[in-house]
Amino acid sequence: MTTLATSHNAKPDAAVPSEWDLLLYVAGPTPKSVAAFRNLEQICEEHLAGRYYIKVIDLMQNPQLARGDQILAVPTLVRKLPAPIRKIIGTLSNTERVLVGLDLRPHDADPFAARKGDAR
C-alpha cells in the first residue's frame, strides 16, 4: 500500500515552508491506518494545500523500513521536510495537536503546553 497525495491549489504562505515531505507508517489497511491517512489528508489540504507530499509505507509489506525512522508503533507520521524531523503517533484525529506537532501552529496554541511544563 503506497499512496501519494499532492495538491496544487493554493499559493504558498511565506511563513510556512514550501515543501512538506511526510511519511505515514501503517501496518496494513486497518481502521486506524485508514483514519490516520484521511485525517492527515484533510489537515494537509486545509493547511498545506499545494505544498505537501505524502508517502504511505505499509510495514506489513516492508517491515525493514521501520528501522530507518525508528518506528515503534503504527500509525506514525514522520515529517522529513522541513527539518527537523518530527514524529506523531496515532490516528491524527486531534487536529490542534497535529498542527502543533507538525509545527504549523505555535507551541502556545497547544492546549496542553502549560501542563507539560508544570512539574508539580
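**Figure 1. Residue L81 in strand β4 of the predicted model.** L81 belongs to strand β4, where helices (H or I, at least four residues) and strands (E, at least two) are DSSP runs numbered from the N terminus. This is a predicted model, in which local features need pLDDT of at least 70 and side-chain atom pairs count only at pLDDT 80 or more, while totals for chains, interfaces and linings use all residues. Residues are numbered from 1 along each chain as its sequence is written, and side-chain values use heavy atoms, with hydrogens and water left out. With a relative accessibility of 42%, L81 is partly exposed; buried means under 20% relative accessible area, exposed over 50%, and partly exposed in between (1.4 Å probe, protein chains only). Residues up to four places away in sequence aside, L81 touches E19, W20 and D21, a contact being heavy atoms within 4.5 Å. The C-alpha atoms of L81 and E19 lie 6.9 Å apart, although 62 residues separate the two in sequence.

Figure 2. Strand β4 pairs with strand β5 (residues 86-89) in the antiparallel sense over four bridges; two strands pair if DSSP finds at least two bridges between them. V78 has K87 of β5 as its bridge partner. Four residues lie between the two strands of this hairpin.

**Figure 3. Two cis peptide bonds.** L81 and P82 are joined by a cis peptide bond with omega of about 0°. P82 is located in the loop between β4 and β5. A cis peptide bond also joins A83 to P84, with omega of about 5°, and P84 is likewise placed in the loop between β4 and β5.

**Figure 4. The salt bridge between D69 and K80.** The closest N and O atoms of the D69–K80 salt bridge are 2.7 Å apart. The pair links distant parts of the chain, eleven residues apart: D69 lies in the loop between α2 (65-68) and β4 (76-81), and K80 in strand β4. A salt bridge is defined as a side-chain nitrogen of Lys or Arg within 4 Å of a carboxyl oxygen of Asp or Glu, and by this rule the count is one. D69 is buried, at 7% relative accessible area, whereas K80 is partly exposed, at 26%.

Figure 5. Q70 is not a glycine, yet its phi is positive, at about 50°. This residue sits in the loop between α2 and β4 and is exposed, with 61% relative accessibility. D103, also a residue other than glycine, has a positive phi near 70°. The loop between α3 (95-101) and α4 (113-117) holds D103, which is partly exposed at 46% relative accessible area.
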